[in-house]
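Dear colleague,

Please find below the structure that I am handing over to you. My notes on it follow directly after.

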Amino acid sequence: MQFRFESFAEFMSMAGHGPYVWACYIAAVIAISYIVLSPMLRKNAIRKQLQRQEKLAEQQAFQSME
Amino acid sequence: MAWQWFHRLGSPKWFYEKTNAWMPWLLSISLLMIVSGSIWALGFAPMDAKQGNSYRIMYLHVPASIVAMAAYYVMAVAGAIGLIWKMKLSYMVMKVAAPIGAVLTAMALFTGAVWGKPTWGTYWVWDARLTSVLILLFLYLGVIALQEAFREQEVADKASAILSLVGTVNIPIIYKSVDWWFTLHQPASIKMTSSSIAPEMLYPLLGMITGFYIFFTWALLAATRSEILQREMKTNWVKHALLNKV
């Protein structure tokens with residue numbers, strides 16, 4: 001197996017097809033990042049919401065004691 | 001007794017705990033395969049004699065298209081199981097499959113259009129394959145929209161499941177479109193029995209397809225898990241799992 005391009009510049013230009021090829025691979029990076037990040041961000045948002053609720057519940061319990 | 005596993009599978013808590021250990025493995029293996037497959041595809045696979053370097057887009061276009069359709073099967077089957085057995089977990093799988101499938105379909109359409117420009121001389125034509133995949137994207141968007149349209153989750157789930165099942169008719173049309181109305185898009189190059197691609201071009205493609213399938217498995221599980229947390233937020237086990245308290 002060998003690298004098919006003579007230089008880095010040639011690898012980038014891909015004999016004229018560079019813009020098409022690289023546009024697709026950049027789009028793929030964006031799409032995959034979106035799919036990876038969205039469940040992680042959602043989990044964090046749920047955790048924050050639960051923490052807020054906990055705090056509120058604790059404050060209410062404290063006030064009712066006074 | 002024999003049905004016990006089926007009922008346990010329907011329990012969101014059991015599902016969440018069971019899949020916990022798989023998640024980092026599925027994600028790292030799939031990303032490793034996709035990244036190394038991409039490097040192979042971009043730099044080490046030989047140039048195509050007819051299409052030149054633009055064919056390197058195939059290594060994204062083919063896996064994205066295959067998995068975009070597989071995601072539709074998953075969504076429709078999960079919707080059917082939800083309708084028949086009233087299994088909530090199944091509805092959750094159906095719901096989260098839609099945005100993942102939509103992103104993959106958009107990726108298939110985008111890479112196809114960009115590949116079409118240097119190869120066919122145009123980004124888009126109303127070819128049967130291209131049009132039926134565009135309909136696939138609209139079906140996914142339809143399920144996403146239906147999920148948002150109802151206040152009652154149960155109603156939203158039933159409506160989305162019915163749309164998914166009706167839309168299944170589009171899947172064989174996508175498969176067969178290149179044979180029935182052969183206008184511009186080429187028929188499949190890899191089949192179960194034979195392949196018209198040279199081995200040194202084929203291996204990275206098979207690697208990418210496998211990587212995309214594993215990635216989809218991770219994405220589906222991860223999204224289902226966050227959907228479980230959302231819907232079961234009021235239960236103690238979710239509070240326990242997310243706030244790390246006893």
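Is Phe212(B) buried or exposed? Phe212(B) is buried, because 27 other C-beta atoms lie within 10 Å. Here a residue is called buried if 20 or more other C-beta atoms lie within 10 Å of its own, exposed if 12 or fewer, and partly exposed in between, with C-beta atoms placed from the backbone.

Some conventions apply throughout. This is a predicted model, in which local features need pLDDT of at least 70 and side-chain atom pairs count only at pLDDT 80 or more, while totals for chains, interfaces and linings use all residues. Residues are numbered from 1 along each chain as its sequence is written, and chains are lettered from A and ligands numbered from 1 in the order in which they are written.

Chain B

Chain B contains ten helices and zero strands; both are DSSP runs numbered from the N terminus (helices H or I, at least four residues; strands E, at least two). Its C-alpha atoms fill a box of roughly 65 × 35 × 35 Å along the principal axes. Of its 246 residues, 38% count as buried. Two residues are in contact if their C-beta atoms, placed from the backbone, lie within 7 Å. Among contacts in chain B between residues at least 6 apart in sequence, 75% join residues at least 24 apart.

Phe212(B) is found in helix α9 of chain B. Not counting residues up to four places away in sequence, Phe212(B) touches Ile34(B), Pro63(B), Ala64(B) and Val67(B). Phe212(B) and Leu60(B) are 152 residues apart in sequence, yet 9.2 Å apart in space, C-alpha to C-alpha.

Ala76(B) belongs to helix α4 (residues 58-85) of chain B and is buried, with 22 other C-beta atoms within 10 Å. Leaving aside neighbours within four places in sequence, Ala76(B) is in contact with Ser164(B), Leu165(B) and Thr168(B). Between Ala76(B) and Leu165(B) there are 5.3 Å in space, C-alpha to C-alpha, and 89 residues in sequence. Just after α4(B), Lys86(B) takes a positive phi of about 50°.

Helix α6 of chain B

The buried residues of α6(B) include Arg129(B), Val133(B), Leu136(B) and Tyr140(B). Seen down the axis of α6(B), the buried residues fall within an arc of 130°, so they line one face of the helix; the arc is that of the directions from the helix axis to the C-beta atoms. The face turned away from the buried side carries the exposed residues Glu148(B) and Ala149(B). The buried residues of α6(B) pack against α4, α5 (88-120), α7 (153-167) and α8 (170-180) of chain B.

The largest nonpolar core

A nonpolar core is a set of buried Ala, Val, Leu, Ile, Met, Phe, Trp, Tyr and Cys residues joined through C-beta atoms within 7 Å. The largest one has 68 residues, of which Ala71(B), Met75(B), Ala97(B), Ile100(B) and Leu220(B) touch the most other members. Among the elements that give two or more residues to this core are α2 of chain A and α9 (199-231) of chain B. The most comes from α5(B), with 18 residues. Leaving aside neighbours within four places in sequence, the contacts of Ile100(B) include Ile35(A), Ala71(B) and Leu220(B).

Where the chains meet

In chain A, 26 residues are in contact with 31 residues of chain B. Helix α2 (residues 18-65) of chain A supplies the largest share of the chain A side, 18 residues.

With kind regards
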